[in-house]
Number of protein chains: 2
Amino acid sequence: MKSYWIWNWGDWEVFHTNLVNSRREQYGMDYPPFWKMYDVDRNVTFFAEKEIAADGELKMYLNGKGYIKIDGIMYPDRKMIKVKKGKHSFQIHLMNLKGLPSAYIESEVIGTDGEWFTLDSMGKRVQVGFDERYTAPESDPEKFPFSYETVFPVSAENRNGGVLYDFGKELFGFLYVENVDPKCKIHISYGESREEALDTDFSVVREDVFGKSAYRLRQRAFRYIFITGSEKARLLAELEYQKIENIGSFRCDNEDINKIWDMCAYTLKLNMREVLTEAVKRDRWLWGGDAYQAFRFIKYLCADKETTRRSLIGLRSKEPFCEHINTITDYSLFWVIGLLEYYENYGDADFIRAIYPRAVTLMNFCKEREDENGFIRARSGDWIFIDWSDIDKTGALCAEQMLYIAANKAMCEICGILGKDKTEYSEKAVKLTESVNDFFWNSEKGAYIDSFESGKNNVTRHANIFAILYDIADKKQRGEIVKHVLYNDGITKITTPYFKGYELDAMGKIGDTDYIYDMITSYWKGMLDLGATTVWEEYNPEISGAAHYAMYGDKYQKSLCHAWGASPIYLLGRYFLGVYGTDRGYKAFKVCPTLGRFKFIEGAVPVRDGKVYVYLSAKRLCVRSDVEGGVLLWKGKEYKLPCGESVEFNL
Amino acid sequence: MKSYWIWNWGDWEVFHTNLVNSRREQYGMDYPPFWKMYDVDRNVTFFAEKEIAADGELKMYLNGKGYIKIDGIMYPDRKMIKVKKGKHSFQIHLMNLKGLPSAYIESEVIGTDGEWFTLDSMGKRVQVGFDERYTAPESDPEKFPFSYETVFPVSAENRNGGVLYDFGKELFGFLYVENVDPKCKIHISYGESREEALDTDFSVVREDVFGKSAYRLRQRAFRYIFITGSEKARLLAELEYQKIENIGSFRCDNEDINKIWDMCAYTLKLNMREVLTEAVKRDRWLWGGDAYQAFRFIKYLCADKETTRRSLIGLRSKEPFCEHINTITDYSLFWVIGLLEYYENYGDADFIRAIYPRAVTLMNFCKEREDENGFIRARSGDWIFIDWSDIDKTGALCAEQMLYIAANKAMCEICGILGKDKTEYSEKAVKLTESVNDFFWNSEKGAYIDSFESGKNNVTRHANIFAILYDIADKKQRGEIVKHVLYNDGITKITTPYFKGYELDAMGKIGDTDYIYDMITSYWKGMLDLGATTVWEEYNPEISGAAHYAMYGDKYQKSLCHAWGASPIYLLGRYFLGVYGTDRGYKAFKVCPTLGRFKFIEGAVPVRDGKVYVYLSAKRLCVRSDVEGGVLLWKGKEYKLPCGESVEFNL
């Protein structure tokens with residue numbers, strides 16, 4: 001009978017998130033996260049009441065130690081147990097002090113599956129967690145089911161008394177160094193850039209090995225490898241990745257944009273691991289804000305609900321919530337907003353129901369951080385991030401209040417989905433919007449200011465972009481913001497692909513697709529021209545050379561593979577192919593294509609378990625959806641999209 | 001320089017408590033605890049600011065992975081690092097996903113010690129934890145520093161097709177089975193009793209081994225071993241124990257009582273492990289109520305503050321407190337009362353200060369369980385234990401309210417020690433006392449009833465004993481209770497040594513030392529006469545034979561080595577030798593000896609870092625204290641006890 005390894009709901013995700021977050025290294029040292037890591041429950045009990053169709057046998061496997069109780073009688077693991085036809089009650093009691101407590105039953109007549117449950121502290125049933133890919137006794141839930149593939153360097157050259165290998169593009173996996181003399185002390189410098197690999201004093205990831213004729217090194221990200229100590233070494237890399245099909249696609253007449261789309265897709269894929277990581281070379285940590293945006297990119301690239309869901313659990317982790325996600329105020333708020341977007345994208349109410357209590361404790365934690373005006377503020381240990389930009393962060397920050405409004409609105413929706421009382425959140429959202437307008441709206445400047453407490457009346461793009469994205473500015477304000485902020489060159493430019501994503505989303509929202517086109521063909525193109533194979537953490541067109549690789553005061557600390565920069569996937573799918581959901585889980589969706597500066601665009605956007613294909617040129621429009629529920633919007637008219645049939649217009 | 005392994009305060013204790021609680025086995029199966037096990041923090045940062053006296057070097061060792069930052073610069077572990085004379089700031093960042101994150105610095109100029117701190121969620125400094133016994137790089141904080149000793153069986157006899165070995169008394173350690181044929185399938189049955197070892201179908205602890213010529217089996221408790229499958233096996237046991245000197249002692253003219261004192265001391269010692277365990281054969285778990293009483297016995301036997309302190313931490317474990325200790329309401333309350341008694345016994349205000357926040361969250365949890373009358377009640381998942389006895393547990397239970405009053409009073413004292421506001425607790429204690437008298441005091445019966453909701457007006461000893469012990473009954477009520485409950489044979493007798501402890505403490509308190517004497521020489525003597533080498537979990541004089549070993553519906557589930565039965569150590573020291581503290585940490589103490597039915601008594605009670613010796617017969621009294629602060633009470637007069645000098649009276 002079909003059976004899965006089962007665990008406490010959410011704990012498999014927490015377990016793997018911890019592994020991911022524990023692998024950062026820097027200059028040969030391990031570098032633990034600075035936020036609190038929660039762990040899985042150490043002892044668990046799984047319950048089931050099952051009707052067994054025929055007499056049979058079962059054998060239980062445990063990752064941990066414990067026993068199974070059938071109708072009140074204890075039996076050990078790994079022994080064949082007879083069970084009679086009829087109704088039985090099962091309890092698996094299990095503990096594991098070092099790993100993930102999990103259990104599996106092998107039998108013709110009963111399985112461990114979604115009918116098993118645990119009991120929460122109120123005695124309420126909670127469905128166990130399981131994953132479709134752990135279905136055999138020998139499956140190991142502590143091992144993430146990655147795919148593997150071997151690749152070789154594309155070139156090698158002797159340099160600086162060593163050999164520099166180039167794998168052609170950034171990759172992630174295990175480096176093998178073979179065919180070396182065990183007596184040789186070998187130094188390996190990893191580089192996302194050629195310069196980094198060659199700079200043995202400053203390359204962020206490096207290792208010295210000795211004593212063997214072949215090495216399999218830790219999983220790491222790199223494009224270049226520089227080796228000293230052995231000229232005849234044979235190198236290869238075993239890539240480690242999730243095999244996930246790209247359902248979304250995009251092609252157009254502009255080859256640069258095609259390359260940028262591919263680069264963004266590749267960047268995103270490299271970071272879509274156990275959870276959505278960031279900076280595959282450097283920290284490879286799970287970051288709340290980065291993930292929030294990447295969830296949208298994932299939706300448009302491959303609609304990989306699972307990586308998104310795992311990341312949402314991993315970010316929020318366990319109780320008590322006594323520190324912001326990654327210690328960052330905005331990241332906690334994005335998590336709540338992202339939870340609603342997850343529902344809107346995938347329609348998964350079961351997940352929302354299961355994680356809802358953790359959303360409530362997060363919001364309660366935020367409430368404790370409100371000041372006398374109801375504004376959320378930093379308390380000791382909180383990090384107000386928003387962006388790497390020159391924002392006036394004195395006192396209550398406008399951009400945070402925008403997110404706090406959006407989070408309260410998201411909680412309203414979530415309560416609505418679950419049939420829970422939303423009064424607290426709706427009242428808060430209304431009151432907070434009023435207060436934000438009272439304290440932060442500057443009529444003279446036609447914009448929201450960063451801080452009212454400093455008296456500087458500084459305006460940055462950030463809060464104003466959020467005001468548009470989360471529908472906080474009213475129509476009049478929106479017009480002012482567009483004029484005085486978005487199109488105002490006097491306002492400091494955004495330099496992170498992260499915030500470019502929000503900015504361009506706002507531009508799409510106000511209908512300026514040309515702005516998006518221009519930014520992709522300049523800002524992203526700038527990285528491409530500098531030889532990027534993946535999108536960078538930050539890009540400043542005004543600097544040059546190896547200075548591009550520096551950040552945080554270090555020569556090569558900048559991540560050259562940052563998922564947060566992959567927004568073109570979303571922007572091109574959302575605003576040019578024009579596909580977006582209008583009911584939960586894309587039950588209904590619209591297609592509203594825009595050609596803009598393109599000669600033609602062609603591509604697909606994932607929708608539910610299918611996709612919608614769009615072709616648009618000056619002469620022809622063709623839309624084909626392989627799922628129900630689509631509506632084409634074209635020149636002010638609506639056309640229902642019949643499932644599997646093309647709708648075509650000669651223009 | 002003197003240096004210790006350091007860890008997050010309390011985590012070493014939690015780590016070892018989890019190990020202890022994870023070792024229960026039954027009928028060949030591992031048996032996890034049914035309460036929530038919290039784990040240590042997975043990532044930690046240790047801080048220090050130190051003035052270094054001279055240029056020098058240091059090397060850091062980690063149990064886990066991470067780095068040290070000195071004046072902002074990162075260095076790896078296990079590498080020599082130079083440090084200059086002068087003031088420096090140190091940070092050790094460290095994580096360990098499977099064990100106890102801990103660090104050690106080896107250096108002539110700086111050490112890891114009590115000057116290091118962590119930061120709590122409010123940014124407040126918390127001293128790190130460390131233990132005097134981990135002072136070298138190779139010390140392993142995950143390994144508890146036990147002592148070991150080899151012992152051999154005292155006899156062996158062929159029985160039932162196997163060999164029965166007797167080690168002469170209950171012991172705890174690793175059994176070695178040597179000199180056997182690897183082809184032999186060997187079955188080993190452990191027994192606290194001879195009957196249990198021989199009953200291979202029902203012995204609680206057992207193991208089947210095969211394939212080796214010698215085995216070292218898991219650490220277990222046993223007196224008898226029955227082996228089938230190899231007649232020529234050589235057996236020995238490697239005892240595992242804490243080397244703790246008995247400072248307290250007791251000798252008298254009654255040899256039975258001398259033997260009982262020894263048996264109690266031995267029972268207690270067998271259970272004084274990483275933490276205070278209970279039932280060394282069976283569960284060997286840390287139980288709150290059992291430990292609470294045992295803490296007093298420990299105080300009078302060896303004043304081992306450390307085992308007590310570790311147990312208090314292990315019981316309370318980490319946040320959030322979302323379940324009673326061992327799920328038992330009374331055990332949570334005893335923990336708070338025990339915390340104060342720990343302070344009264346050892347005067348360790350630092351510990352009280354460190355654990356205080358966890359006491360507050362425990363009390364808050366209790367508060368959430370109050371009903372409209374302010375009585376603490378069971379909510380889903382709570383276990384109202386009190387005793388294995390026929391108590392009417394309908395609705396709010398009187399005995400629990402007694403403990404709740406005592407816990408609130410203890411919190412008052414604790415707040416007083418720390419200079420914190422105690423209003424909440426003092427008001428609660430007063431109000432609750434009134435309500436208890438209103439609802440539970442039955443003037444007709446002259447006693448507190450178990451439950452007012454059932455209408456049965458059932459009286460048991462339990463609540464009434466607590467009312468005396470915790471000074472809840474007023475003088476008049478106390479008189480009534482003594483008459484109508486304590487000396488009333490119509491009230492169900494206590495059958496657990498656990499509650500006998502409370503009962504006899506109450507008897508001591510009302511001055512009836514003869515009752516204590518009679519009970520020790522009948523109840524405890526009963527076990528002794530049945531061949532006990534350690535005190536049992538329960539003893540009912542009215543049954544006979546192997547029926548004594550049955551409990552929980554199983555033939556041998558009763559623990560024959562239960563620390564909760566060691567109260568004679570306390571009772572003899574407290575009420576006959578007559579020693580008790582009158583100021584925190586026995587800064588001041590009194591000695592008020594009582595001969596009672598004895599011809600002579602002689603013994604010692606630990607006081608601070610010394611002890612007080614007492615000899616009393618009809619002819620002579622001699623008291624000698626080797627610490628300051630003692631006062632002898634004799635025939636209504638007080639005599640100061642000069643340090644190190646005997647005070648003698650010929651009577």
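Author: The contact draws 36 residues from chain B and 36 residues from chain A. This is a predicted model, and the description that follows is of that prediction. Of the interface residues of chain B, 100% are also interface residues in chain A, so the copies meet through the same surface. About 3100 Å² of area is buried between chain B and chain A, and carbon and sulfur atoms give 62% of that area.

Charged contacts also cross the boundary. Between chain B and chain A the rule finds 6 salt bridges. A salt bridge joins the side chains of A:D39 and B:R42, with an N to O distance of 2.6 Å. Over all chains the count by this rule comes to 98 salt bridges.

The geometry of the pair comes next. Two copies of a chain are related by a rotation about an axis and a shift along it.

A:R309 pairs with A:E306, and their closest N and O atoms are 2.8 Å apart. Helix α5 of chain A covers residues 305-316, and because A:R309 and A:E306 are 3 residues apart in it, about one helical turn separates them.

In chain A, the loop between α5 and α6 contains A:P320, and the peptide bond joining A:E319 and A:P320 is cis, with omega about -10°. In chain B, the peptide bond from B:E319 to B:P320 is cis, and omega is near -10°. B:P320 is placed in the loop between α5 (305-316) and α6 (329-346) of chain B. Another backbone feature concerns A:N160, a residue other than glycine with a positive phi, near 45°. A:N160 belongs to the loop between β15 (155-159) and β16 (162-178) of chain A.

Helix α6 of chain A leads on to a pocket. The second largest pocket has a volume of about 900 Å³. It is lined by 28 residues, and those closest to its centre are A:R296, A:E341, A:E344, A:L469 and A:K509. α6(A) gives the largest share of this lining, 6 residues. Elements of chain A that each supply at least two lining residues include α4 (288-301), α8 (398-418), α12 (497-509), α14 (567-576) and β24 (579-581). By class, the lining of the second largest pocket consists of 13 nonpolar, 3 polar and 12 charged residues.

Technical notes
Residues numbered from 1 in each chain as written. Chains lettered and ligands numbered in written order. Predicted model: local features only at pLDDT ≥ 70, side-chain atom pairs only at ≥ 80, totals over all residues. Heavy atoms only, no water. 1 Å grid on protein atoms, 1.4 Å probe; cavity = no way out; pocket = protein on both sides within 12 Å on 5 of 7 lines; lining within 4 Å. Points joined across faces, edges and corners; volume = space filled by probe spheres on them. Helix = DSSP H or I, 4+ residues; strand = E, 2+ residues; numbered from the N terminus. Nonpolar A, V, L, I, M, F, W, Y, C, P; charged D, E, K, R; others polar. Contact = heavy atoms within 4.5 Å. Buried area = accessible area lost by both parts, 1.4 Å probe. Salt bridge = Lys/Arg side-chain N within 4 Å of Asp/Glu carboxyl O.
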